[in-house]
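Me: Hi! I've got a structure open and would like to go through it bit by bit. Can you help me find my way around?

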Amino acid sequence: MSEVNDKARRDLLSATSDPATAEHPASNPISGLGAARTRGDGRVKVTGEARYAIEHQPENPLYGVVLQSTVASGRISRLSADKAQQAEGVLAVYTHLNPLKINKPTAIADGGAAQSTYTPIQDDVIIHNGQNIGLVVAETFEQATYAASLVEIEYETTPARVFATDDGVEPKPMSAQDIDLGDAQTAMHSAAVRINQRYTTPREYNMPMEPHACIAHWHDGQITVWEPSQWVTGAQVEIAEWLGIEPEHVRIISPYVGGGFGSKPVPYTHVALASVASRALNRPVKVSLTRPQTFTGLGGRPATSQQLELGASRDGKIEAIIQRSFSETSLIDVFAENCSKVTARMYAVSNVSARHQVRPINTVTPGWMRAPGENPSAFGLEVAMDEMAYELGIDPLELRLRNWADKDYQLDLPWSSRRLKEAYQKGAEAFGWDKRIMTPRSMREGRELIGWGMASGTYPVNRLPAEAKIMLTPQGHFVVQCAGADIGTGTYTILAQTAADHLGVSSETIDVQLGDTTLPRAGVAGGSQLAGNLTAAVNDTAKKMRERLLALASELPASPLNGVPVSQLSLKDAAIQQHGGSALSFAELATLVSAENLMVKGGTFPDDMPQSERDKIVRNLNDMSRPEAYSAHSWSAQFVEVRVDEDFGTIRVKRMVAALDSGRLYNPKLARSQWIGGMIMGVGQALMEEGIIDPRNGRVINNNLADYLVPVNGDIPSITTINVGEPDFEATTMGGKAVGELGIVGVAAAISNAVFHATGKRVRDLPITLDKII
């Protein structure tokens, strides 16, 4: 580490003098940063006190129900809303025949905040089945639902391209994502051992328990939207563009988010419809998508395919990788699920050629889903590594160690830290990998075939600057404010812990306020970055608050500590205390000065950066940065045991062990929760999840939680997670690295490898269903 970062580490650790607590650098190691504190928002959630977006109760609300198309391609030839308009309680039916103006938003790729540029009810064109094409608004939800059933729609259809492999689909190369290292073609030609296989993943859907729902309230030329959001500043920009008003006239409120997994960074077109309807009717409008509507009202992970060729020497050195991959996108937007994100980074391979393309079809624009890109990329690479291990007769873990990457070969940069070897070692020991018999179908218990598989995982460190505000209330309590979101990951808790490190109080006594565009700036809760971004901002702000309090205690004439040098004062037990002398409680201090003097702003933006530039950064995902002198990533090793019934082919995951390097853990209990959440999603991806599309009309057939299968308690075994990370101050200010996205990467590959070990049948197309192994 550099001298600067060595000093940063010493400064963070200096808050505690007890060597036993050196891993948890907090002034209060029981509740400060690094302590395994229980979530601060847990009580309000389990008691029902937490209010989610759609639970807000505005005065005199209206209810909107979205109309969706039932064909994949063509135009609306006839639409009659007469019966719906005459139904009881109906105020309006908005379609392309009586459209409200909605402006086209700017896509993220162009510096905007929109995932899709589709604008509903502006024309009669249909580009995918389930497209949002209208809104019925009534006094009650039941009235709106009934009226929506009365709208008559006929279509003039045209041939649809439902799958990326259909005839006539013209690929679009994503040349910015090309990888060219060395001479892959020549090295592949001379390799002693080669494998060349295709790996695919289907359409997958995020499926958070909280529905995609909002309340829009237009008032006095401004709009307030209660919206479950992973990125309130992005939502503010997109809604402003839809309405043609300034972002400052849009307020987004999102204190709690009931799951997102990448599906809630941006508002979707039902929010546009609610917003313009509220402006037209001058009343609050509630709109909630039904579960089936969420399958097409927004996009999940697109289907991907990758042709992956590996060449190796007889002693197991991977000499070349050639990859050609594609993912689906919509007809109007480019969304790339880049399958080469891991390809040139995981192992020491000097010759890599990778090309990714998108294929436009009649589908909703896809979106982000946990570890977008890294997830399918790791699936292909890690199954291919297992195949190469068997081709060479080398243990799969040993093959990975023989190809250990001592640097990032793709960027030609040193790692900021990489404790993947430690993950391999600790994970293998806990799992008992050394007892594995390599031959497929060689391990069994009765009629159950036992399979052991493993895979590697990684996710990059992303960064954005952020701001925070800390206030001392008249009652002597601290309030931390930031616009960042808590999507169930524990942001409320770790920000209280961060502030507690400097303010001499227990983190349980600190109130944290989040998810509101009126609060200090913050970027997206996505890309596993928000914890690092916001703890750094609050850390800076809390230090400034500490300095402010000490100075006030020393300088105020009415203070009992007046004239005492700041160097002799400290914050402890909710008071400013002189070493061995008098004390001034925070509540007493609050009576001596104005509230303005007890409010401090801070953050990680450069001090001289204009406000407009700060706004631009937090509203643009393209401004996410990574360390320049190092390649910073989290790492994992996943080990899985499956049991396959020899007669029926049913697959059960019996054990899961993961060793993970996420740098410094700001709260080990919450980090484990995120890790195992990702691992559970990986089980669903490997064995269950698949959007089934009707080839005749592009309809999602299994568009509900009964038919789109996700894991339940009975599907998940005991999960062991092992932390092998250490603080990495080259990666982030506070030493942490990616947590939330990491847990899923490599899980599907490990399960696929375990199924092969159990059955001798290699499954390269997810999910691994009975028909593929019987």
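This is a predicted model: local features need pLDDT of at least 70, side-chain atom pairs count only at pLDDT 80 or more; totals for chains, interfaces and linings use all residues.

Me: Nice. What is the strand order in the sheet?

Reply: The order is E17-E18-E26-E27-E28, which makes an open sheet of five strands with mixed pairing. At the edges you'll find strand E17 (444-445) and strand E28 (719-723), each pairing on one side only.

Me: Which helix lies across E18, E26 and E27?

Reply: That's helix H17, residues 747-759. H17 runs at about 155° to E18, and the strand E27 it also lies across spans 651-661.

Me: Let's stay with H17. How do H9 and H17 cross?

Reply: Helix H9 is residues 374-392, and its axis comes within 8 Å of the H17 axis, with a crossing of roughly 30°. The two helices are therefore roughly parallel to each other, as angles under 35 degrees count that way. From H9, the contact uses Ala378, Phe379, Glu382, Val383, Asp386 and Tyr390, while H17 brings Ala748, Ala749, Ser752, Asn753, Phe756 and His757.

Me: Good, new topic. Is strand E1 mostly enclosed or open?

Reply: Enclosed: six of the seven residues of E1 (residues 62-68) are buried, so the strand is largely enclosed by the rest of the structure.

Me: Which strands does E1 pair with?

Reply: Strand E13 (residues 285-288) runs parallel to E1, and three bridges join them. Strand E5 (residues 132-138) pairs with E1 in the antiparallel sense over six bridges. Gly64 is a handy landmark here: its bridge partner in E13 is Val287, and in E5 it stands opposite Val137.

Me: Could you also show me a hairpin? What joins E22 and E23?

Reply: Two residues sit between the strands of that hairpin, and Asp573 takes a positive phi near 55°. Strand E22 (residues 569-572) and strand E23 (residues 575-578) pair in the antiparallel sense over four bridges, with Gln578 in E23 as the bridge partner of Leu569.

Me: Which residues of E22 are on the covered face, and which on the uncovered one?

Reply: Leu569 and Leu571 make up the covered face of E22, whereas Ser570 and Lys572 make up the uncovered one.

Me: Now some single residues. Is Glu337 buried or exposed?

Reply: Glu337 is buried, with a relative accessible area of 1%. Look for it in the loop between strand E15 (318-329) and strand E16 (352-360). Leaving aside neighbours within four places in sequence, Glu337 has contacts that include Arg301, Ser327, His356 and Pro376.

Me: And where is Thr363?

Reply: Thr363 is in the loop between E16 and H9. With a relative accessible area of 10%, Thr363 is buried. Beyond its neighbours within four places in sequence, Thr363 is in contact with Ile127, His128, Arg203, Thr329 and Ser330.

Me: Last one: which helix holds Asp615?

Reply: Asp615 lies in helix H15, residues 611-618. The relative accessible area of Asp615 is 18%; under 20% counts as buried, so Asp615 is buried. For a sense of distance, Asp615 and Ile195 are 49 Å apart in space, C-alpha to C-alpha, and 420 residues apart in sequence.

Conventions:
Residues are numbered from 1 along each chain as its sequence is written. Side-chain values use heavy atoms; hydrogens and water are left out. Buried means under 20% relative accessible area, exposed over 50%, partly exposed in between (1.4 Å probe, protein chains only). Two strands pair if DSSP finds at least two bridges between them. Contact means heavy atoms within 4.5 Å. Axes are lines fitted to C-alpha atoms, for helices over the stretch in contact, and angles run from 0 to 180 degrees between N-to-C directions. Angles under 35 degrees count as roughly parallel, over 145 as roughly antiparallel, 65 to 115 as roughly perpendicular and the rest as oblique.
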